[in-house]
Amino acid sequence: MGLKVMIDDDLEYRPTPDGFTRYTSMPEAVGALTKMALEAPVRLSVLLLDNDLGDNAPEGHHFLEWLLECDLDISVDYVNIHSQNIVAVIAMRAYLESAKRHGLWTGTKVTRYDLNTFMKEVL
């Protein structure tokens with residue numbers, strides 16, 4: 001079983017689900033995952049991703065770009081985008097679908113559920 005990771009800066013409205021490691025910013029997540037991947041391949045069984053990660057901060061779609069373009073051994077089984085920013089959700093899903101068409105993350109499932117629905121219906 002792989003890691004379950006949540007990237008979201010809203011600690012009050014969206015609490016960390018049991019069994020998940022939470023990062024509140026892209027730099028925090030990139031730093032931790034890079035360190036892990038330099039030691040051994042990393043498999044994320046679930047990635048819960050918000051887009052808006054604070055004022056003047058890199059956003060969730062930047063994290064997806066980094067994850068797909070970094071030269072590290074990190075695989076992802078399931079991505080759920082739970083952002084309230086519908087424009088960003090559409091862009092992130094389109095980016096992931098484009099990656100699949102180009103042979104990347106072909107086995108990765110991508111959904112868009114709010115966090116409560118995801119926890120009740122998926123996990």
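These are my notebook entries on the salt bridges in this structure.

Entry 1. I am working from a predicted model. I searched the whole structure for salt bridges and got 4. Side chains of opposite charge can pair when their charged atoms come close.

**Entry 2. Aspartate 8 and arginine 14.** I looked up this pair. Their side chains meet in a salt bridge, N to O at 2.4 Å. Next I asked: is aspartate 8 buried or exposed? Aspartate 8 has 0% relative accessibility, so I noted it as buried. Arginine 14 comes out at 8% relative accessible area, and therefore is buried as well, the cut-off being under 20%.

**Entry 3. Arginine 14 and aspartate 50.** I then followed arginine 14 to a salt bridge with aspartate 50, at 3.0 Å from N to O. This pair links distant parts of the chain, 36 residues apart. Arginine 14 lies in the loop between strand S1 (3-7) and strand S2 (21-23). Aspartate 50 lies in the loop between strand S3 (42-49) and helix H2 (60-69). I find both residues buried.

**Entry 4. The network.** Which residues are linked in a network of salt bridges? I listed Asp8, Arg14, Arg22 and Asp50.

**Entry 5. Aspartate 77 and arginine 43.** I checked this salt bridge too; its closest N and O atoms are 2.6 Å apart. The partners are 34 residues apart and link distant parts of the chain. Aspartate 77 is in the loop between strand S4 (74-76) and strand S5 (78-81), while arginine 43 is in strand S3. I recorded aspartate 77 as partly exposed because its relative accessibility is 28%. Arginine 43 is at 38%, so I logged it as partly exposed.

Terms used: Residues numbered from 1 in each chain as written. Predicted model: local features only at pLDDT ≥ 70, side-chain atom pairs only at ≥ 80, totals over all residues. Heavy atoms only, no water. Buried < 20%, exposed > 50% of the residue type's maximum accessible area, 1.4 Å probe, protein only. Helix = DSSP H or I, 4+ residues; strand = E, 2+ residues; numbered from the N terminus.
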